[in-house]
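Hi everyone, thanks for coming. Let me put the model up, and then I'll walk you through a few parts of it.

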Amino acid sequence: MCGIVGYAGWRDAQPILLDCLKRLEYRGYDSAGLAVAGTELQLFKSAGEIAVLEAAMPEMKGSVGIAHTRWATQGKPTTVNAHPLADCSNRLAVAHNGIISNFMGVREELQKNGHNFTSDTDTEVFPHLVEAEFKDDLVKAVQKALEKVDGTYTFAVVCAGCDQVVATRRESPLVVGLGEGENFIASDVTALLKYTNRMIYIQDGEVVSITKDSVKIVDGKGNEVRREPQKITWNLEDAEKGGYPHFMLKEIFEQPDAIHDSLLGRIESVEAEPFFQNEHFSTVKIVACGTSYYAGLVGKYIIEELARIPTTVQISSEYRYSSVSRENPLVVLITQSGETADTLGAAREAKKRGNKTVGIANVIGSAITREVDHTIYTRAGPEIGVAATKTFTTQLIALYLLAMELGTQNRSLTAQAKRSIVGTLRNLPRSVQDVLNQASEIEALAKKYSSARDMFFIGRSINYPIALEGALKTKEIAYIHGEGFPAGELKHGPLALISRDSPIVAIAVKDHTYEKMLGNISEVSARGSPVIAIGFEGDTELPRYVDDAIWIREIPPMFSPVPVIVVLQLWAYYLAKARGCPIDKPKNIAKTVTVE
Ligand code: AGP
């Protein structure tokens, strides 16, 4: 939702904070601010992106500070509502990620006690609460203030005349980076990789205080916590553009490696790492949001095919309203960030219901990994572009692996079938590379259709969710109204919408649905819509039905979602490029959504 960084060290804090903050801009970019705590508090904020802040801000002197980039939840994205927010005496500054649910009552109480508020944010109660408690120990004052707030948060606090940054979390991410003569805090390890790869993940309820040469963590009861740092193997280039114009394009092109890495050591023997030995699940429930939800929909087809286990898929924010299943399903929670509040809430609900849980996550040590019984990491590396790309294809890999595991356990997969699946999985990086090699042809085609206002995506069976994901990519990146449908549904209503100005993207690979897809394509082209098809190389029939086509190398249809979605990722990217959209930072969207 928002991004926070903090620094205490031997160098000037301002340039380091700005540098780290830029790597968190994917978390929100409607306003930003920075506070440096010298003998006095220096605070500067502005509406707009970090570049606007950087251009306008004065030089600040001091080696302790915090910075924030915001995605507004409470209060408009204006300069006054930007973080950090200060107390009455302008001595303390607070940056916050999350929502303080009881802020109204707390604010009224503080106002009665004479505190002056300048913003419309929920956050502002916190600097005032700390101010009311602060004598000479900032950690204690923060602990006391925490007793008065409900909700979700990461708070980072600095105080004029103090050499420390104090931070704490509840259901929002917070990591400490350890340097030499300097220490950092951040919402995400990628912000800090330029400076250190030694990280400590802070847990819910803990309060951490960093100075230039110390890191002290206390738990909710005030006991000191000792935790070994983890060495992060991602390097800085992984988190930078590396010559590509956008993170999204770089991440699309990283997919052969990401898929390869996600398979490494996992397909030599699918029995090597059984998640739940001797457990048999009669149903599976997959829970996720957005792109991860569409991965889950593909997962349903994979699990039902390979493990023969009936599978349902649910949007995380709706999960708690579903009835408790008598079958005690295995609940699979998919989230690239591992921090999506709706999915974390669903994981807790699943636990409450007594279900076994598996998480599929990309960020090591993220919150979901502490909520579930077992985590399958996707190993895609950091994904900075707001649009999920390589994390989607690697989520599909994780689902193939999970389905093989379940199918092995319940004996619905034969050794021969497994060998053949492993062979296909091994070849997937090559199928994806073939698609990437056609990027310029896809770009030319996308340009041709880039003035469309509406675009419909159709597919059947396992490629129906890919139609949904293609539509989502087109919406969020290219700002074209994109809608995905099971191809058979068009005649039940959506056909009324189609016209010459609404191109149809049809996934028509040669599988058991192919003939029916040709029928559906005929229905739309008879009504004047141009059709762009995605089909298997060597198909001589499809060109007779469509206006344009993009070809992928033939693979077993169950695995076709992987190369097909790469086509649609490039399609959305080049549509957005032709339309001049801010590809890595689409309006109104944040990469990690830590509010419900
Ligand atoms: C996809 O391009 C979006 N950025 C979004 O739908 C995303 O997949 C969703 O918010 C879920 O995020 P998660 O995987 O980190 O939980």
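Let's begin with helix H8, whose buried residues are Thr 291, Ser 292, Tyr 293, Tyr 294, Ala 295, Gly 296, Leu 297, Val 298, Gly 299, Ile 302, Ile 303 and Leu 306. By buried I mean under 20% relative accessible area, with exposed being over 50% and partly exposed in between, using a 1.4 Å probe and protein chains only. Before I go on, please keep in mind that this is a predicted model: local features need pLDDT of at least 70, side-chain atom pairs count only at pLDDT 80 or more, and totals for chains, interfaces and linings use all residues. Residues are numbered from 1 along each chain as its sequence is written, and side-chain values use heavy atoms, with hydrogens and water left out.

Back to H8, which covers residues 290–306. Helices (H or I, at least four residues) and strands (E, at least two) are DSSP runs, numbered from the N terminus. Since 12 of its 17 residues are buried, H8 is largely enclosed by the rest of the structure. From its first C-alpha to its last, H8 reaches 24 Å, close to the 24 Å expected; that expected span is 1.5 Å times one less than the number of residues. Just after H8, Arg 308 takes a positive phi of about 55°.

Now for the rings. How many aromatic pairs does the structure hold? There are 10 aromatic pairs. Rings of Phe, Tyr and Trp (its six-membered ring) pair if their centres lie within 6.5 Å, and planes under 30 degrees apart count as stacked, over 60 as edge-to-face and the rest as tilted. One of the pairs is Tyr 293 with Tyr 294, which is tilted, at 5.7 Å centre to centre and 55° between the planes. Tyr 400 and Phe 559 make a stacked pair, because their centres are 4.6 Å apart and their planes are at 25°. This pair links distant parts of the chain: Tyr 400 sits in helix H12 (residues 390–409), while Phe 559 is in the loop between strand S25 (548–552) and helix H17 (561–578), 159 residues apart. Tyr 400 and Phe 559 are both buried.

Two rings also have a charge over the face, meaning that NZ of Lys or CZ of Arg is within 6 Å of the ring centre and within 35 degrees of the ring normal. Arg 353 lies over Tyr 319, 4.7 Å from the ring centre, and Lys 587 lies over Tyr 479 at 4.2 Å.

Next, please look at strand S1 (residues 3–9). With 7 of its 7 residues buried, S1 is largely enclosed by the rest of the structure. Gly 3, Val 5, Tyr 7 and Gly 9 point one way from S1, and Ile 4, Gly 6 and Ala 8 point the other way.

What are the neighbours of S1? Two strands pair if DSSP finds at least two bridges between them. S1 runs antiparallel to strand S4 (residues 64–70), joined by 6 bridges, and pairs with strand S10 (residues 182–186) in the antiparallel sense over 5 bridges. Val 5 has Ala 67 as its bridge partner in S4 and Ala 186 in S10. These strands belong to an open sheet of 8 strands with antiparallel pairing, in the order S3-S2-S4-S1-S10-S9-S11-S15. Strand S3 (41–47) and strand S15 (230–231) are the edge strands, each pairing on one side only.
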